[in-house]
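Colleague: Hi! Could you walk me through this one? I'm still new to reading structures.

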There are 2 protein chains.
Amino acid sequence: MRSWWGWGHVAEAVPDQECVQLGALLPGLPGQPLPVPRIEDLGLPPSAIAVPASLDAICTTDKAERASHTYGKAYRDTVRALYGRLDRSPDIVAYPQNEGDVVRLLDWAGDAHVAVVPYGGGSSVVGGVEYRGGDHTGVLSLDLSKLDSVIEVDPVSRAARVQAGVFGPALEDQLKPYGLTLRHFPQSFEFSTLGGWLATRAGGHYATLYTHIDDLVESLRVITPVGVSESWRLPGSGAGPSPDRLFLGSEGALGVITEAWVRLQNRPTHKASTAILFSDFADAVAATKAVAQSGLHPSNCRLLDAGEAQLSGAGDGANVLLLGFEGTAPVSALLEQAAELALAHRGRRHDRENATESWRSSFLRMPYIRDALARMSAIAETFETATTWNAVGDLVEAVRTEAKAAVQEICGAPGMVNCRFTHVYPDGAAPYFTVIAPGRRGSELSMWDEIKAAVSEVLNRHGATITHHHAVGRDHRPWYDRQRPDVFATALRAAKNALDPRNILNPGVLVTPR
Amino acid sequence: MRSWWGWGHVAEAVPDQECVQLGALLPGLPGQPLPVPRIEDLGLPPSAIAVPASLDAICTTDKAERASHTYGKAYRDTVRALYGRLDRSPDIVAYPQNEGDVVRLLDWAGDAHVAVVPYGGGSSVVGGVEYRGGDHTGVLSLDLSKLDSVIEVDPVSRAARVQAGVFGPALEDQLKPYGLTLRHFPQSFEFSTLGGWLATRAGGHYATLYTHIDDLVESLRVITPVGVSESWRLPGSGAGPSPDRLFLGSEGALGVITEAWVRLQNRPTHKASTAILFSDFADAVAATKAVAQSGLHPSNCRLLDAGEAQLSGAGDGANVLLLGFEGTAPVSALLEQAAELALAHRGRRHDRENATESWRSSFLRMPYIRDALARMSAIAETFETATTWNAVGDLVEAVRTEAKAAVQEICGAPGMVNCRFTHVYPDGAAPYFTVIAPGRRGSELSMWDEIKAAVSEVLNRHGATITHHHAVGRDHRPWYDRQRPDVFATALRAAKNALDPRNILNPGVLVTPR
């Protein structure tokens, strides 16, 4: 069973006793975890709106459904849920069974001026699926999880036509009989959908080459209030600005993605990995850059700073570069070439064979740990960015310094600020930061919001993106608005007004209409 | 000296005697070439408009300038110029020296309702730089060739900030001291500019991976009538729909690209190539697909059908797959892997070592040959597309059949219809067709237009893009309009109206405002 208030499966949540042990690692936290919140304790207001009878069968006002569709899965979502604070639950949760249902729901919502929040797996960590007010008569959460089929596979071109509501594992299960894979594995893989990946320009697990879902798209089918947009299946085209690239990253504000033709790969049959240690972070960055610029395209090229390596059990006090290759032909020669490049920067071989596995299992476990820390009133969250190689050293240093200063000031005690590079490019890297600090019970939300604002200012000041793959949502809007060229905002606003003239689609994300 | 009416350098034009020899290869052509048209014979109407004194220094109404900025370099442009038929020359040619000049010109043009046609190298083959009417008071050709500098190089991130008006060779010359290259070599390389590549989503010479200029862009700076758009330099981002992707392919209709930060590579030090022959085209396609899906990323993976191979001197009656690799480490092992994959499809090694060089020199010479054939009243033009592997065999067959039928009907004699694949992807290929047929003197233009319409219908019927890398311009509009999702057209039109509210920018391309 999925947790309505926290990450993942209820059965995998950290038990109370372990929560206490985790909390003891930080100074001054309460001795007991906040209790797991219960649906029955929530006082949701009654639904403000009702759908017409013709839509009744696909809609629900069930309390648990409304509660679980209120927020995404950011730290601030977990904290609010722990305190039973559901600011604005959707009035209705709809489960369209087909595209016709989506059209009917949008038509009704337009007429009734109801906000429609498209909902895939609900794993947003940026406030992407919550309503935060406006003049709408009500809020409908449009849960696309019933659109969960691979409709057609083209094994010759290695592509598939897939409905947007399919979760990662179900997608891969349906592709497996063909020996094919989308090979897009974000950390949220189990709990997120293809449509969510597309709408948020999600980043997969693989560190180089095809990092974002964008590059895996042949065509999109999108339902908008003014009609259906379906692009042609093309391996490449130069016919005008790409239609797909307008909808990729549109976060439900321009339309509801219902289907995509996606590019697949043969399942890899060869894998090899190694880990290289660096005493000095600057050396580690230089080594990572050398690999990123080598043209070797490792599937894994993840730099963990010493703190992050320690936290994930992959390190021994040093910075660690995890290198891995996958393919349908032997890859060990490629791995050796990459390792040689990295070792040349005062690197040394890690003596632990399983550093990558340690890191990976810790990586998948981390969101549960975050929820456990939240229950102990610790602050525990991540944020991520990208910048060019010439700027990344200064950026990481500035974020570390200012995040630690913000934690010290706001929490009155030092915190942990770790960094890893999740994705690397020939021209830059995507640093990903983890902050863990002691909060004050009852003030966790405002404390984190203050820290997050401080670090977001650092990103903007350094010209680093406010998000490499977590999306903008509502949480990143102030910084996104400053990052985005105003002229492009003008164009985007015009597109929004044209496609969603009654402003019902996910209001609050991306761009303010008119 | 550049030719005002035909391709490239005047000095490299085919001499009359060779024109006659070429013409003799086709049945029923006239015995003498059309004379090379002379500027002094042209009867251009006087300029309908005059710029204010403050802009005088950067503008010209010189007849040769106006004539040479009337058309691009398509076959139909050459033919019209040969007949002295300049339908609508620009009234003024402006050479802005800096961005301030561009802003001033756009402001004046907006007030005066003058159409502004951005002009890079003028090598458009789709009617991208000609004015075809509307309610404007006059036409200004905005020649950006004075904005020709590499402003800044970041060797750490391997990127450069480059002005849009720089021609290919001058760009590479400025990057060479750094050991870096943009490595974007379209057939028009010598005669086209960075800004033109960006505005048209140009395709480079390399067959896989980074085929279009799109992927080489870190950020764009664009002057629009409502302000300047400048995106941040980012190696990757997921912050909303990509701002750059709206301007890439916007063909001057949304703004004037003045600068870009582009991604560079180290200059390759190792090269290896081979050629493989196939008696059967279907085998050759299967072999090409195997290489395209291998993950090996050859720099050259060009399939020539038997006719194309013959024409370019690379073949001996068979279909030829040209394979090449480049890199900063040895590439011969990669070449062997790719060759093995290809040979497995009933391929055999070509006994000529220099097939790639033969093809390449023929490739660069081809536009001059085309002009020579045009002077003999032959029809000689190319068109290109892309589609998925499952569809490419049928598409090529249908285009061949229908193009030959159209030639037979329209020309009353058989013509040559050849095909090559210029770029390949894991999920599909970009077929490029050459048509050579006997025209009737005086009717060449309408004959080609009829053939082109017939083959464009085939592309649309097969769901193949109307252009993989030649852009839409004015010539492809009818088919582009049917290919492009209507809902996306609505968004694009809204963006156009918002950024170019007085509709002065390259009117007629991409989208009809309001």
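Modeller: Happy to! One term to start with: buried means under 20% relative accessible area, exposed means over 50%, and partly exposed lies in between. Also keep in mind that this is a predicted model.

Colleague: Okay, so is Arg88(A) buried or exposed, or in between?

Modeller: Arg88(A) has 26% relative accessibility, so it counts as partly exposed. Its salt-bridge partner is Asp91(A), with the closest N and O atoms 3.1 Å apart. Asp91(A) is at 2%, so that residue counts as buried.

Colleague: Nice. Is Arg375(A) buried or exposed?

Modeller: Arg375(A) is buried, with a relative accessible area of 4%. Asp16(A), on the other hand, is partly exposed at 42%.

Colleague: What does Glu172(A) form a salt bridge with?

Modeller: With Arg267(A), and the closest N and O atoms are 3.9 Å apart. That pair links distant parts of the chain, 95 residues apart: Glu172(A) is in helix α6, while Arg267(A) is in the loop between β11 and β12 of chain A. Glu172(A) counts as buried at 9%, and Arg267(A) as partly exposed at 31%.

Colleague: Switching to strands: why is β6 of chain A described as largely enclosed?

Modeller: Because 4 of its 5 residues are buried, the strand is largely enclosed by the rest of the structure.

Colleague: And which strands does β6(A) pair with?

Modeller: β5(A) pairs with β6(A) in the antiparallel sense over 4 bridges. β10(A) also runs antiparallel to β6(A), joined by 5 bridges. Ala159(A) is a handy residue to look for: it stands opposite Asp154(A) and opposite Arg263(A) in β10(A).

Colleague: What's in the turn between β5(A) and β6(A)?

Modeller: The two strands form a hairpin with 4 residues between them, and Arg158(A) in the turn has a positive phi of about 55°.

Colleague: Last one, over in chain B. Where is Arg400(B)?

Modeller: Arg400(B) is in helix α13, residues 389-411. Its relative accessible area is 15%, and under 20% means buried. Its side chain makes a polar contact of 3.1 Å with that of Asp305(B).

How values were computed
Residues numbered from 1 in each chain as written. Chains lettered and ligands numbered in written order. Predicted model: local features only at pLDDT ≥ 70, side-chain atom pairs only at ≥ 80, totals over all residues. Heavy atoms only, no water. Buried < 20%, exposed > 50% of the residue type's maximum accessible area, 1.4 Å probe, protein only. Polar contact = N/O pair within 3.5 Å; in protein donor to acceptor, adjacent residues only side chain to side chain. Pairing = 2+ DSSP bridges. Salt bridge = Lys/Arg side-chain N within 4 Å of Asp/Glu carboxyl O.
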